[in-house]
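Let's take a friendly walk through a protein model.

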Amino acid sequence: MDEYARAREQMIEEQLQKRGIVDVRVLEAFRRAPRERFVDPEQQSLAYCDRALPIMDGQTISQPYVVALMLSAAAIEPRDRVLEIGAGSGYSAALLGHLAQRVWTMERHGRLARFAGARIAELGLANVTVLRGDGTLGWPPAAPFDAILATASGPAVPEPLRLQLAIGGRLIAPVGADQSSQRLIRTVRRTASDFSEEDLGPVSFVPLVGAHGFAETIAARDQ
Ligand code: SAH
């Protein structure tokens, strides 16, 4: 086993299993996704640390436990079609690629979108497509989705995302104005017009910037 594989196993055991992540498919996805390939080269030795790490353009790759929590809450099945908002490094999209049939991930920063796409292609994840654009609008050409994950926090759950859920679909999104007051919200579309909402606890994400998110200036202030 190489150095990273050992660190990865330890991360899965200490940070995920011991904190209650029990979904075997989620744990297996973490085993198959090399996090060291998604962090900046100078951060590689920290790849399996229990924290978010800075990536390009003032953004972050989320803490592994938080990603695991979101993936578990989304209850992704092998035949699911999934949309992610906030590709960032591409790490959570790679995990999704191991869990779902088809994944679209959107990123507003062109540079991050290109890097995420390159890493995902290197890993041979042909079922994951990286799109550059405002993810708060969703991706109508591929809707409806069985699961939608937002990895950036907006003022409210974006309405277009709710409407692009399939019946029975799950939307996991952090909501809150600043990093100290965000909550992770799970929305389930029970029928065409009936949505349930559940608060999964406090989280801390970078701002969701877009038509149904924050304005650019607020995001600049928070970074
Ligand atoms: N899932 C990522 C985490 C990236 S942080 C990973 O595993 O690395 C959140 C990302 O959301 C940032 O890259 C940010 O640029 C992006 N983002 C913010 N608002 C967005 C929007 N409206 N549409 C698409 N991406 C957005």
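## A tour of the model

T136 has a relative accessible area of 0%, so it counts as buried, the cut-off being under 20%. Please keep in mind that this is a predicted model.

Where does T136 sit? Its place is in the loop that links β5 (128-132) and β6 (145-150). The side chain of T136 has a polar contact with the side chain of D134, at 2.8 Å. A polar atom of the T136 side chain also lies 3.4 Å from the backbone nitrogen of A211. Which residues touch T136, if we set aside its neighbours within four places in sequence? They are I85, P158, P160, L161, L208, G210, A211, H212 and G213.

Now let's visit another loop. S62 is found between β2 (60-61) and α3. Is S62 buried or exposed? Its relative accessibility is 16%, and because buried means under 20%, S62 counts as buried. Beyond its neighbours within four places in sequence, S62 is in contact with R35, R51, A52, V67 and F205. The pair S62 and F205 shows how folding can bring residues together: they are 143 residues apart in sequence, yet their C-alpha atoms are 7.8 Å apart in space.

Just after α3 comes A75, with a positive phi of about 45°.

Time to step back and see the whole protein chain, which has 7 helices and 9 strands. Here are some values for it.

| Property of the protein chain | Value |
|---|---|
| Span of the C-alpha trace along its principal axes | about 50 × 40 × 30 Å |
| Accessible surface | about 9900 Å² |
| Part of that surface belonging to carbon and sulfur atoms | 51% |
| Residues that count as buried | 53% of 223 |

How does the radius of gyration fit with a compact globule? For 223 residues, such a globule would have a value near 17 Å, and the protein chain has 16 Å, which agrees. Among contacts with a separation of 6 or more, 56% come from residues 24 or more positions apart. Finally, the chain carries 25 positive and 27 negative side chains, and the centres of these two sets lie 3 Å apart.

Technical notes
Residues numbered from 1 in each chain as written. Predicted model: local features only at pLDDT ≥ 70, side-chain atom pairs only at ≥ 80, totals over all residues. Heavy atoms only, no water. Helix = DSSP H or I, 4+ residues; strand = E, 2+ residues; numbered from the N terminus. Rg over C-alpha atoms; globule rule 2.2 N^0.38 Å. Buried < 20%, exposed > 50% of the residue type's maximum accessible area, 1.4 Å probe, protein only. Contact = heavy atoms within 4.5 Å. Areas by Shrake-Rupley, 256 points an atom, 1.4 Å probe, with all protein chains shown as cover. Lys, Arg positive; Asp, Glu negative; His and termini not counted. Charge placed at Lys NZ, Arg CZ, Asp CG, Glu CD. Polar contact = N/O pair within 3.5 Å; in protein donor to acceptor, adjacent residues only side chain to side chain.
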